[in-house]
Amino acid sequence: MAKVIFLTGATRGLGRALAGAFATLGHTVAGCGRDQAKVAELAGELGAPHSVAGVDVGDDTQVSSWIRRALAEHGAPDLVLNNAALMNQPAPLWEVSAAEFEALTRVNVNGTANVIRHAVPAMLKAGKGVVANFSSGWGRSTSPEVAPYCATKWAIEGLTRALAQELQGCSKGVAAVAVNPGVIDTEMLRSCWGGGAGSYPSPEEWVKRAAPFLLDLGPKDNGKALSI
């Protein structure tokens, strides 16, 4: 059965691979990204009935407008993937500027909450759907020089578990899951590991496992911390 999928960070890396895979499998993608040129490029690749919007997920007003349009065009989502995220430039925490730290929390944490705020009411009304918040191995462990990123992904783990408890009290058909996508050769990983990232799967290789995994999520998974 075809699904409606809301996907943040759809224009780069994992998001772009997922958008293409879902569309190929016959599902409808409502994606968003910050780079207008990449938004237009992906929209052209996907075509109808899919939609891609220019959205800064850290801006609640922009998220509200995007989801309102997506709901009107596609209906309530079966799957919401909070994938948009930033990584800090590797450095000891005391050398990370307040502005850089704030930029990460704004996108990685606030952005996730903004999408949930506007998507979940429609999902509850429909009585179905899964919110999958992308965490990280660094949301369940730590490494030096990526403390801001670790902090945001640990926040996603806690936020998701609390959300799952709230959903359980409202609807048996709506679930929230934290998903660690694994280690993938993306621009983000290369900013930390350089050429060493090349020993890990590309987004195109990863998505062959990831798309079926994500599509199979359901109420049975509510509150779980899963890994691909």
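This is a predicted model: local features need pLDDT of at least 70, side-chain atom pairs count only at pLDDT 80 or more; totals for chains, interfaces and linings use all residues.
| Helix pair | Residues | Angle between axes | Distance between axes |
|---|---|---|---|
| α1 and α7 | 13–24 and 203–215 | about 60 degrees | 9 Å |
| α4 and α5 | 98–126 and 147–168 | roughly 15 degrees | within 9 Å |

**Helices α1 and α7**

Helix α1 packs on helix α7 at an angle of about 60 degrees, and α1 is therefore oblique to α7. The crossing of these helices, α1 and α7, is right-handed. On the α1 side the contact is made by G13, L14, A17, L18, A21 and F22, which meet P203, W206, V207, A210, A211, L214 and L215 of α7. Sorted by class, the residues in this contact of α1 with α7 comprise 12 nonpolar and 1 polar, with no charged residues.

**Helices α4 and α5**

Helices α4 and α5 cross at roughly 15 degrees; because angles under 35 degrees count as roughly parallel, α4 is described as roughly parallel to α5. The crossing of α4 and α5 is likewise right-handed. From α4, the residues F101, L104, T105, N108, V109, T112, A113, I116, V120 and L124 take part in the contact, and their partners in α5 are P148, Y149, A151, T152, A155, I156, L159, L163 and L167. By class, the contact of α4 with α5 has 15 nonpolar and 4 polar residues, and charged residues are absent from it.

How values were computed:
Residues are numbered from 1 along each chain as its sequence is written. Side-chain values use heavy atoms; hydrogens and water are left out. Axes are lines fitted to C-alpha atoms, for helices over the stretch in contact, and angles run from 0 to 180 degrees between N-to-C directions. Helices (H or I, at least four residues) and strands (E, at least two) are DSSP runs, numbered from the N terminus. Angles under 35 degrees count as roughly parallel, over 145 as roughly antiparallel, 65 to 115 as roughly perpendicular and the rest as oblique. A crossing is left-handed if the near helix is turned anticlockwise from the far one by less than a right angle, and right-handed if clockwise. Contact means heavy atoms within 4.5 Å. Ala, Val, Leu, Ile, Met, Phe, Trp, Tyr, Cys and Pro count as nonpolar, Asp, Glu, Lys and Arg as charged, and the others, Gly among them, as polar.
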